[in-house]
Protein chains: 2
Amino acid sequence: MQNKITKLFNIKYPIIQAGMVWNSGWKLASAASNSEVLGLIGAGSMYPDVLRQHIQNCKKATSNPFGVNVPLMYPNIEEIMGILIEEGVTIVFTSAGNPKTWTTWLKDRGVTVVHVVSSVKFALKAQEAGVDAIVAEGFEAGGHNGRDETTSFTLIPMVKDKITIPLIAAGGIATGASMLAAMVLGADGVQIGTRFVASEESSAHDNFKQMVVNAQDGDTQVTLKELTPVRLIKNKFYLAVQELYKQNPTVEALQTLLGRGRAKLGMFEGDLDEGELEIGQVCGLIHDIKPVSKIVDDIIHEFEIAKNNIPNTF
Amino acid sequence: MQNKITKLFNIKYPIIQAGMVWNSGWKLASAASNSEVLGLIGAGSMYPDVLRQHIQNCKKATSNPFGVNVPLMYPNIEEIMGILIEEGVTIVFTSAGNPKTWTTWLKDRGVTVVHVVSSVKFALKAQEAGVDAIVAEGFEAGGHNGRDETTSFTLIPMVKDKITIPLIAAGGIATGASMLAAMVLGADGVQIGTRFVASEESSAHDNFKQMVVNAQDGDTQVTLKELTPVRLIKNKFYLAVQELYKQNPTVEALQTLLGRGRAKLGMFEGDLDEGELEIGQVCGLIHDIKPVSKIVDDIIHEFEIAKNNIPNTF
């Protein structure tokens with residue numbers, strides 16, 4: 001299948017492994033790229049020098065294209081952008097910020113730029129800013145989440161109707177059937193996060209990977225909407241947040257409870273009680289930890305099965 | 001396409017027109033059934049004698065199968081169930097209550113019973129109760145909504161994995177492409193609500209139909225979670241609820257603000273400021289008011305197009 005997305009990134013399958021804080025270092029990204037999908041390093045949880053090391057390691061580990069996901073709210077954003085260019089990164093996914101700020105600068109330096117959005121309005125703004133493609137991420141996605149709570153099922157076709165550049169769907173996609181469904185709804189490709197957390201090459205702590213495997217429907221929720229809405233597993237920390245909500249807390253009180261470093265504590269260090277465990281609703285469909293190559297093979301196989309199972313006609 | 005759902009209801013297309021308060025009387029249900037999908041009368045907004053009249057009118061208006069949707073929390077539930085049997089209704093969709101209470105009673109009287117759920121757990125309970133099929137309704141759906149906030153994209157495959165009886169997907173479906181996507185995810189058929197609100201035969205007020213046509217992504221939200229979570233358009237009443245939330249209101253205060261009759265006031269009487277306007281996220285994809293027969297024709301046509309657009313292979 002050659003399509004807009006495979007051509008844009010020069011990959012075999014129109015699948016992007018999402019850049020995720022504390023989960024997607026060079027090991028995951030290079031494994032994804034070596035499996036002929038697009039691997040992304042998640043810069044959001046890396047100091048600049050750590051990111052540089054991951055990029056250098058990734059270049060050594062794969063000769064296939066890979067990219068870096070950069071949240072634009074990153075405090076050292078100028079230093080980060082400089083490193084991307086110095087290290088010859090040619091694909092950048094930006095999120096959580098205004099696409100106008102960096103798109104032209106990156107494109108002037110030969111970088112393919114993709115921006116992540118959660119609404120039609122932001123999709124149009126990103127297209128106007130000149131990005132090469134858009135990731136439309138639905139409410140079911142793990143981690144930071146849009147305020148409109150629009151789900152993949154409705155977001156994909158609504159964005160597709162309004163933009164002309166390639167569209168990558170994210171949120172709720174972990175299997176070949178869901179990849180096909182996203183493409184039926186109008187996506188040219190898919191970005192997959194949660195499924196790759198439960199991979200051998202993810203840098204997530206084993207405790208967290210196992211919790212993802214055990215999670216079922218209803219085990220995640222979007223909370224902390226007064227700060228940045230985030231979907232996480234309903235663990236002890238989540239319940240403490242809900243207790244605080246009963247007291248009509250100020251934004252500052254929520255910020256104090258959240259503190260700093262909880263995402264690392266939970267996902268990277270494996271503290272399942274006190275950590276912030278960001279994962280998508282689709283965790284309920286994930287029952288094993290597999291190598292990335294096997295995950296990709298299975299998705300492609302399931303995609304073909306789902307295609308062949310489509311009823312012939314009315 | 002003959003499948004489990006077309007056979008269960010003896011209809012041509014595996015599509016159910018959702019039973020919706022203040023929108024789906026005998027005119028809508030009979031138009032749907034005459035278009036060879038399953039029409040449902042929504043009993044939730046009808047006094048018992050009004051419901052009886054709608055059933056009698058529906059029988060006169062179509063010779064095709066139709067059904068009635070009954071919220072099990074209905075205050076006069078025993079009288080309602082008696083009327084369904086007296087009037088020879090053979091298909092009943094139950095929602096908002098325990099499927100154990102009425103399923104056996106209805107099935108003993110020859111009725112096909114379907115129960116609406118929003119989670120895997122409730123799907124399993126409904127299957128155990130002996131229902132003939134399940135409607136799995138995602139977070140994007142209009143009106144009353146599940147507490148887990150699980151979206152169609154993840155709910156459909158998760159429910160499909162666990163149940164053996166036929167599965168109808170609901171929430172976010174308004175086009176042939178979304179019908180195909182739901183079936184790719186594991187559904188045997190689809191229940192469509194929002195699209196049929198904006199039909200000529202819906203009993204919704206013209207003001208409300210026009211508001212649905214004008215609505216875009218981000219214009220609905222789920223609120224009033226302390227009472228029953230409900231997805232509605234963000235109108236003046238919705239904003240008043242959000243203002244009240246800032247004061248950390250009691251459940252009683254929310255109930256007082258909601259009052260009685262707001263759904264009728266908004267959807268049936270057309271007061272777009274003070275009414276409760278229940279609609280699904282997919283309203284952003286609906287741009288016209290059409291006759292039901294045209295809606296069904298278009299969905300089937302779009303379904304075929306979406307099927308033919310599927311990429312051939314990798």
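The model is predicted, so to speak, with rules attached: local features need pLDDT of at least 70, side-chain atom pairs count only at pLDDT 80 or more, and totals for chains, interfaces and linings use all residues. Residues are numbered from 1 along each chain as its sequence is written, while chains are lettered from A and ligands numbered from 1 in the order in which they are written. For the complex, the predictor reports an ipTM of 0.97 and a pTM of 0.97.

Turning to chain B, an open sheet of 8 strands is found there, in the order β1-β9-β8-β6-β5-β4-β3-β2 and with parallel pairing. Strands (E, at least two residues) and helices (H or I, at least four) are DSSP runs, numbered from the N terminus, and two strands pair if DSSP finds at least two bridges between them. At the edges lie β1 (15–17) and β2 (39–42) of chain B, each of which pairs on one side only. From one strand to the next, the twist averages 25°. Within chain B, β5 (residues 112–117) and β6 (residues 133–137) run parallel and are joined by 4 bridges; Val116(B) has Val135(B) in β6(B) as its bridge partner.

The contact between the chains draws on 42 residues from chain A and 42 residues from chain B, where contact requires C-beta atoms, placed from the backbone, to lie within 7 Å. On the side of chain A that touches chain B, two or more residues come from each of α7 (152–162), α8 (176–184) and α14 (292–308) of chain A. The most are given by α7(A), with 6 residues.

Two of these elements, α8(A) and α14(A), also meet each other. Their axes (lines fitted to C-alpha atoms over the stretch in contact, with angles from 0 to 180 degrees between N-to-C directions) come within 7 Å and cross at roughly 60°. The helices α8(A) and α14(A) are therefore oblique to each other, a class left for angles that are not under 35 degrees (roughly parallel), over 145 (roughly antiparallel) or 65 to 115 (roughly perpendicular). In α8(A), Gly176(A), Ala177(A), Met179(A) and Leu180(A) meet residues of α14(A) including Ile299(A), Phe303(A) and Ala306(A).

Technical notes: Contact = placed C-beta atoms within 7 Å.
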